[in-house]
Amino acid sequence: MNSSSSLPDAKSSLEADSSVLQISGGHRLGGHVEISGAKNSALVIMAGAFLCSGDCRIRNVPLLADVERMGQVLSALGLRLSRNGDILDIDAREITTSKAPYELVTQLRASFFAIGPILARLGVAQMPLPGGCAIGARPVDLHVRGLQAMGADVQIEHGICNAHVPGNNGRLRGAKIYLDTPSVGATETLMMAATLADGETIIENAAREPEVMDLANFCNSMGAKIHGAGTSTITIVGVPELHSTDYSTIPDRIEAGTFLIAGAITRSELLLSPVVPDHLTPVIAKLQEIGLSIIEEGKDCLRILPAKTLKAINIDTLPHPGFPTDMQAPFMALLSVAEGDSIINESVFENRLRHASELNRLGADIRVKGNTAFVRGVSSLSGAPVIGTDLRASAALVMAGLAASGTTTVQGLQHLDRGYDRLDMKLQQLGAKIIRVNEASKNASLLPNNSNSAA
């Protein structure tokens, strides 16, 4: 990605693999933290730029490794990108190829969602099956069946999804599509594809996440006709082409939730902005149930006040507007120091409790059975070397490290840097004793296993 300002904090996987975070825990935090743009909005909006026949300016784009990877995917397909701070300009006038590069798509699941807009724009697309965090099966069958309903011929061979639109001048046709599950990725892929389709498309049992609404608003700002985003039924009336836009992404509700956990677990008062409180309703409700006070100060600002006692609660992850699966791991860190027994049921992904064993290394008392974690609160945690196994697991270990006595060393930063915009630097500004150390240049004796990176 061409850039007028470099991205020193969006670490490459190699750099992040050789770095660790060293956290001296037990310190109170304080002050204001600025919440970055939403990762899951920015990535899919970047994919949505394929729909535009001109220039797109996207504001409030976070500095993330995943954003850098998505930029590489777009560049490989012929789009021209330039970045200045949190502003990303994309010129999508020319798409030089319909075949996305295998080595990039397999590292970033969100890049697969571009199959919808590429197919809509060109009538043909070749997209490798996606990668990303190993948190469970996330098949693309809903994407495929939806595109087939819109008239596409889709075949998966040798790990490549090959799609083309026969007849109708290569233009997809409107269709009525029912999703077996409210998949965010499938909803976004099909919604983007439908913007340039011939006729009306109705997506039923659609995902209702704020990021879906953000994508719809972005597309509408380019002249799309999307109604009902944020509900379970989305209607899209296709148009011949979309025009240039200047659009700002929403704040990242998961980053905001993570900083609320940081305040809660360190018994600190923090101020967060900008946020959309309505996007955090289930998170705020659970924090209040635990005993925290969350105060709205203006339309886009939250203050968290410390609690004398943290109470055990039960959590079931669900699609929006239920409790978000991306907040499950940070909440597990918080509940590990709450009074009493908590039960966390992960119902969205089947392989998303691997952080429990790493939290136990810090002194937590967590037992996992299937997709359920039983958390018995302890009075304190103690520092230890740990490994983050996915994005949110890594964040949970950082949160636990902030509260633990002694030094915690977190490995696996290639996951953390995928989804948090300079988390360590923002925590430093709040008073956390946290530093990033490149272990490639020194004896990495603090690591639990120096020969292996995170799984």
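This is a predicted model: local features need pLDDT of at least 70, side-chain atom pairs count only at pLDDT 80 or more; totals for chains, interfaces and linings use all residues.
Trainee: Thanks! How many helices and strands does the chain have?

Mentor: There are 15 helices and 24 strands in the chain. Both are DSSP runs numbered from the N terminus: helices are H or I with at least four residues, strands are E with at least two.

Trainee: And how compact is the chain?

Mentor: Its radius of gyration is 22 Å, close to the 23 Å that the globule rule gives for 455 residues, so the chain is as compact as a globular protein of that length. The radius is taken over C-alpha atoms, and the rule is 2.2 Å times the number of residues to the power 0.38. Along the principal axes, the C-alpha atoms fill a box of roughly 65 × 45 × 40 Å.

Trainee: What share of the residues is buried?

Mentor: Buried residues are 58% of the 455 in the chain. Buried means under 20% relative accessible area, exposed over 50%, and partly exposed in between, with a 1.4 Å probe and protein chains only.

Trainee: Switching topic, which domains are assigned?

Mentor: Domain 1 covers 17-36 + 251-439, and domain 2 covers 39-248; the bounds come from an automatic or database domain assignment. Their centres, taken over C-alpha atoms, are 31 Å apart.

Trainee: How many residues of each domain are in contact with the other?

Mentor: 24 residues of domain 1 are in contact with 20 residues of domain 2. Contact means heavy atoms within 4.5 Å.

Trainee: Now α11, residues 328-335: why is it described as largely enclosed?

Mentor: Eight of its eight residues are buried, so helix α11 is largely enclosed by the rest of the structure. Among them are Pro-330, Phe-331 and Met-332.

Trainee: One more: is Leu-122 buried or partly exposed?

Mentor: Leu-122 counts as partly exposed, at 36% relative accessibility. This residue belongs to helix α5 (residues 115-122).

Trainee: What is Leu-122 in contact with?

Mentor: Leaving aside neighbours within four places in sequence, Leu-122 is in contact with Ile-95, Thr-97 and Ser-98. Val-165 is 43 residues away along the chain, and its C-alpha atom is 9.0 Å from that of Leu-122.

Conventions. Residues are numbered from 1 along each chain as its sequence is written. Side-chain values use heavy atoms; hydrogens and water are left out.
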